[in-house]
Amino acid sequence: MNDKNKAEEQRRAKLLKMRAERLPDIKKAFEENQKRNFNANFAPGGKDEKLVRKKTTTKTVATKTVKKAATPASKKAVAKKSNTSRNSKATKQAASNTDKKRDVNLLVSTRKGEMVHHQRMLSQDVNAQATQHIIGIPVNKSRYNGYNGEQVTMAQIKSARPHKDAVRVIPIGGLGEFGIGKNMTAIEYQGEIVLIDMGTLFASEDYPGVNYMVPDAKWLDDNRDKVKAILFTHAHLDHIGACRHLLPFFGPYVPIYATPFTIGMIKKQMSELSDVPDMNYNEVNPLDHKNIKISEHLSCEFIHTLHSIPGNTSIVVRTPNGNILLSGDWRFENNPMDTPADYDRMLEIRDKEGYALLLNESTNIDTPGTHPHSEFDVGENMGRVMDHYANGRVIISCFSSQVKRIELVLKEAAARGRKVAFAGYSMINNVEVALRAKAIKVPKDTIMKMEDIVKLPDEKVTIVCTGSQGEMNAVLNRMVTGSHRYIKIKATDTIVFSSNPIPGNEPKVVNTVGGLLREGAQVIQNGKTHLTNIGPLHLSGHAYFEDHVKFVTDMRPKNYMPYHGEFYMLQHNAEMAENVVGIPRERIIVADDGDIVELMPDQTIHKNGRIHVGNKLYDDADQQVNEAVVKDRIHISREGIFVVILTLSKKTGRLIKTPDIVSRAFIYLDNSEELIGKIRHYLRAKTDHTLASDSDIKALKEEIKEDVTHILYDATGHTPIVIPVINKV
Ligand SMILES: [Zn+2]
Ligand SMILES: [Zn+2]
């Protein structure tokens with residue numbers, strides 16, 4: 001054991017020394033590279049001069065002719081418009097005249113066309129909002145679209161036939177979506193498939209009642225038997241979150257490979273299924289440098305890298321057409337808590353075998369500079385908080401997957417005689433998994449249960465909890481509102497936000513901070529050093545721009561494909577590779593989910609067709625939500641719902657009691673007597689004749705739906721979902 005530690009220490013020291021020696025050379029190389037390869041014609045965001053010139057010439061001619069023709073015509077149009085508005089009263093009159101021809105007078109002043117227009121616009125809005133997650137055939141005319149910036153036609157995509165000897169790289173999720181998540185990549189060669197990661201994407205507030213999304217596995221349905229292995233880079237939910245939906249489908253025959261911590265987290269997730277499936281888990285130690293044979297033609301090797309979670313890896317997939325390096329999520333760290341990244345192994349493979357293709361993540365590509373900081377800094381600053389606010393409780397909120405940071409908190413607390421309790425389901429879960437996988441070390445007698453720690457004096461109490469994103473139902477907010485079982489925030493408490501708000505969550509965090517401040521508590525947020533003089537309390541888990549430059553320069557990939565990011569991140573990542581690192585444009589591809597990227601035996605690369613990709617939506621009870629349901633929810637949230645219930649006599653078809661009216665999320669009925677009276681009047685008039693068959697009832701329902709919508713639109717400017725219910729007794 002001791003020998004092993006010693007060897008590891010020596011290895012670490014060697015690594016650090018080698019890196020320090022390399023640094024000046026690398027820096028020089030960058031500077032030269034930057035000078036050499038920066039494309040003088042390159043205008044950020046613009047196309048090449050060549051491409052642009054070809055198109056604009058035709059355009060200018062076109063606009064000129066249009067301009068000439070447009071002036072007199074548009075004048076006429078304006079004249080016409082004013083005419084129409086003058087005549088609009090007359091039109092309205094005419095419209096209501098046509099209405100009068102029908103059996104019931106609706107007594108409305110708006111034309112039906114206006115209502116229909118409103119409905120059409122509304123349904124367009126609802127569709128646009130509810131289908132942001134649908135990835136159709138993306139029109140990708142970007143410089144790196146795999147067709148040299150030329151537009152691709154549907155026919156081209158449809159007629160694409162796979163090349164027999166190509167290695168096909170297929171992003172199933174994680175590329176060019178709104179928000180980062182749902183990462184999943186397939187690599188296929190002659191009917192053998194290896195899958196890498198199965199992540200979820202958290203749904204935005206645009207999706208009422210939807211909690212997260214999972215990649216649509218239709219393509220996998222059809223290709224299940226070809227899947228030879230499933231690999232996971234690390235245990236963040238955007239990489240393993242979809243396991244419980246997708247893994248059971250493969251059963252015990254397909255081997256799953258990952259590091260012990262990642263496997264632990266996957267198992268934990270699977271244990272939440274009512275029927276826990278038998279799976280073929282295989283723990284990998286990346287420091288072994290073992291080449292794992294996946295199938296006849298494919299094998300893989302895990303490489304230890306650093307991120308913000310233990311057991312993080314990059315993966316090399318060895319194929320007949322060369323090595324594909326998938327970076328996973330990563331950052332550099334000068335003085336890591338974890339074992340230093342096995343960068344030397346990456347370089348060794350580069351030198352001995354080379355990389356035909358590098359898939360590199362894109363999360364922080366837009367952040368300038370480098371990010372060599374160490375988690376130790378965060379730990380020290382946590383200690384400083386405990387010293388500053390030594391007389392009260394310290395409540396630290398961070399992401400539950402930051403188990404290394406939790407280890408630091410435990411250490412700092414123990415050094416000050418404080419005890420630590422964990423709050424929040426995922427927090428407790430993750431600490432358990434980390435302890436079992438030996439991913440963290442814990443000082444003796446420091447961890448306590450929540451119910452016990454509250455009995456201690458305040459200066460001994462440290463609590464680590466979820467809720468740093470201001471989530472309404474997370475522990476921190478419950479402590480603020482007083483709905484937490486053991487803790488109510490008080491004026492002597494100090495709350496640390498050891499995180500940054502994820503884009504989109506800012507207002508929620510602001511709200512939580514406001515609540516804490518109202519209780520008189522001290523709030524310390526990362527990034528607001530000027531308020532408290534306490535340094536960084538959170539570090540990003542992703543490399544910055546210059547780190548990417550170094551990484552890509554060092555790996556010398558033949559071909560390059562950004563992944564793990566929204567479209568603009570992928571594009572910026574590609575621009576970095578071309579303009580700073582100097583990879584030729586035709587060797588860089590910005591793909592969307594579903595694109596098939598072919599790596600050829602001669603190690604050229606191109607796009608060739610698409611597979612079906614999409615999303616499945618799930619609510620917080622893990623139940624699938626149909627898209628139609630989401631659309632209804634959005635519609636109701638904007639316009640409301642309006643139900644009319646008619647009871648008709650079987651014999652006469654006439655109303656036998658006053659119609660019941662139910663309105664939800666639309667208007668408050670007590671304040672709308674006049675409108676309701678009008679609708680009742682209409683319904684009475686409408687049913688004042690005999691009905692014979694069920695088809696008459698169906699037609700009657702349709703007419704009532706349309707007319708009531710019209711009356712409501714006339715009175716309120718809204719078109720709620722109108723549901724007529726007709727009972728015959
Ligand atoms: Zn991650
Ligand atoms: Zn990720």
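## Close-up views of a pocket and a zinc site

**View 1. Helix α1 in the lining of the second largest pocket.** Seven residues of this lining come from α1, the largest share. The model is predicted. The second largest pocket has a volume of about 1500 Å³. Its lining comprises 33 residues, and those closest to the pocket centre are E8, D338, T339, K438 and K441. Two or more lining residues come from each of α1 (2-37), α8 (260-270) and α11 (403-415).

**View 2. Residue classes in the lining of the second largest pocket.** Nonpolar residues number 16. Another 11 are charged, and six are polar.

**View 3. Protein donors of the zinc ion (ligand 2).** D238 (OD), H239 (NE2), D329 (OD) and H564 (NE2) are the donors. They lie 2.1 to 2.2 Å from the zinc ion. Along the sequence, the spacing of these donor residues is D-H-x89-D-x234-H. The arrangement is irregular because the four donor atoms subtend angles of 93 to 158° around the zinc ion (ligand 2), whereas a tetrahedral assignment needs all angles between 85 and 135 degrees.

**View 4. D329 between two zinc ions.** D329 bridges the zinc ion (ligand 2) and the zinc ion (ligand 1). The two ions lie 3.4 Å apart. H239 and D329 link distant parts of the chain, 90 residues apart. H239 belongs to helix α6 (residues 237-240). D329 sits in the loop between β12 (322-326) and α9 (343-352).

**View 5. Burial of H239 and D329.** H239 has a relative accessible area of 1%, so H239 is buried. D329 is also buried, with a relative accessible area of 2%. The cut-off for buried is under 20%.

Terms used:
Residues are numbered from 1 along each chain as its sequence is written. Chains are lettered from A and ligands numbered from 1 in the order in which they are written. This is a predicted model: local features need pLDDT of at least 70, side-chain atom pairs count only at pLDDT 80 or more; totals for chains, interfaces and linings use all residues. Side-chain values use heavy atoms; hydrogens and water are left out. On a 1 Å grid over the protein atoms alone, a cavity is a set of points where a 1.4 Å probe fits but cannot get out, and a pocket is an open set with protein on both sides within 12 Å along at least five of seven lines; lining residues have an atom within 4 Å of a point. Grid points are joined across faces, edges and corners, and a volume is the space filled by probe spheres set on the points. Helices (H or I, at least four residues) and strands (E, at least two) are DSSP runs, numbered from the N terminus. Ala, Val, Leu, Ile, Met, Phe, Trp, Tyr, Cys and Pro count as nonpolar, Asp, Glu, Lys and Arg as charged, and the others, Gly among them, as polar. Donors are N, O and S atoms within 2.8 Å of the metal (3.2 Å for Na, K and Ca); water is not among the atoms, so sites may look incomplete. Four donors count as tetrahedral if all angles lie between 85 and 135 degrees; four count as square planar and six as octahedral if opposite donors are over 155 degrees apart and all others between 65 and 115; anything else is irregular. Buried means under 20% relative accessible area, exposed over 50%, partly exposed in between (1.4 Å probe, protein chains only).
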